[in-house]
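Please open the structure in your viewer and keep the selection tool at hand.

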Amino acid sequence: MTNRMTEDALRQKYPHAFWWSFGDSATMADELAALVISGKKKATCCSLAAFEQEQLRPWVGSYHIVLNGARQPACVIRTVAMQLIRFCDVTAELAQQEGEGDLSLRYWQDAHRAFFEREGTFAPAMELVFERFALIETL
């Protein structure tokens with residue numbers, strides 16, 4: 001990595017950080033990481049089903065190395081709040097915190113419904129783990 005922290009240095013600085021990318025494609029990973037870096041994206045969510053399948057689960061205070069579509073570190077975020085909420089109960093304010101599309105609830109519903117359908121978990125009353133985060137540094 002030119003002009004970037006090496007992976008070893010990142011692992012030393014954030015020894016218990018989760019390493020992952022947003023979305024389910026390289027294009028989505030690039031787009032969403034860019035939104036985090038720009039300051040527009042301050043939250044994310046996953047299905048409770050996916051969350052429960054993880055061996056290691058994030059917690060308030062955990063660090064995350066966000067990877068871009070090339071699986072390279074793009075930024076570091078830290079979880080500041082988590083809540084359980086049903087898909088049908090997500091508010092316009094929560095949707096806007098995700099920073100995607102035109103920031104509307106309708107856009108959020110359409111995009112996330114498509115994502116959760118690809119995941120095989122969509123239901124209007126499905127439970128989501130909604131996570132707010134702070135951008136710690138860009139890489």
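Select Lys-41 to begin. Lys-41 has a relative accessible area of 2% and therefore counts as buried (buried means under 20% relative accessible area, exposed over 50%, and partly exposed in between, with a 1.4 Å probe and protein chains only). The model is a predicted one, in which local features need pLDDT of at least 70 and side-chain atom pairs count only at pLDDT 80 or more, while totals for chains, interfaces and linings use all residues. Residues are numbered from 1 along each chain as its sequence is written, and side-chain values use heavy atoms, with hydrogens and water left out.

Lys-41 belongs to the loop between H2 and E2; helices (H or I, at least four residues) and strands (E, at least two) are DSSP runs, numbered from the N terminus. What does the side chain of Lys-41 reach at 2.9 Å? It reaches the backbone oxygen of Ala-43.

Next, display the surroundings of Lys-41. Apart from residues up to four places away in sequence, Lys-41 touches several residues, including Phe-22, Leu-32, Leu-35, Val-36 and Phe-133. Contact here means heavy atoms within 4.5 Å.

Is Lys-42 buried or partly exposed? Lys-42 is partly exposed, because its relative accessible area is 49%. Lys-42 lies in the loop between helix H2 (26-38) and strand E2 (43-47). When residues up to four places away in sequence are not counted, Lys-42 touches Gln-97, Glu-131, Arg-132 and Phe-133. For a distance reading, select the C-alpha atoms of Lys-42 and Leu-94: these residues are 52 apart along the chain, and the two atoms are separated by 9.7 Å.

Proceed to Ala-29, which lies in helix H2. With a relative accessible area of 1%, Ala-29 is buried. Which residues does Ala-29 touch, not counting those up to four places away in sequence? They are Ser-21, Phe-22, Leu-67, Asn-68 and Gly-69. A line drawn from the C-alpha of Ala-29 to that of Leu-105 spans 21 Å, and the two residues are 76 apart in sequence.

From Ala-29, step across to its contact Asn-68. Asn-68 is found in the loop between strand E3 (63-67) and strand E4 (73-86). Its relative accessibility is 16%, so Asn-68 counts as buried. A polar atom of the Asn-68 side chain lies 2.9 Å from the backbone nitrogen of Ala-70. Beyond its neighbours within four places in sequence, Asn-68 is in contact with Ser-21, Ala-29, Asp-30 and Ala-74.

Remain in the loop between E3 and E4 and select Arg-71. Arg-71 has a phi near 65°, a positive value in a residue other than glycine. Then go to Leu-103, in the loop between helix H4 (92-97) and helix H5 (105-119). Leu-103 is not a glycine, yet its phi is positive, at about 70°. Leu-103 counts as partly exposed because its relative accessibility is 27%.

Glu-7 is partly exposed, with a relative accessible area of 39%. Glu-7 and Thr-27 are 20 residues apart in sequence, and their C-alpha atoms are 22 Å apart in space.

Finally, zoom out to the whole chain. How many helices and strands does the chain have? The chain has 5 helices and 5 strands, which run α-β-α-β-α-β-β-α-α-β from the N terminus on. The C-alpha atoms fill a box of roughly 45 × 30 × 25 Å, taken along the principal axes. Colour the chain by burial: buried residues make up 37% of its 139 residues. Of the contacts in the chain with a separation of 6 or more, 72% come from residues 24 or more positions apart.

Notes. A polar contact is a pair of N or O atoms within 3.5 Å; within protein, one must be able to donate a hydrogen and the other to accept it, and residues adjacent in sequence count only if both atoms are side-chain atoms.
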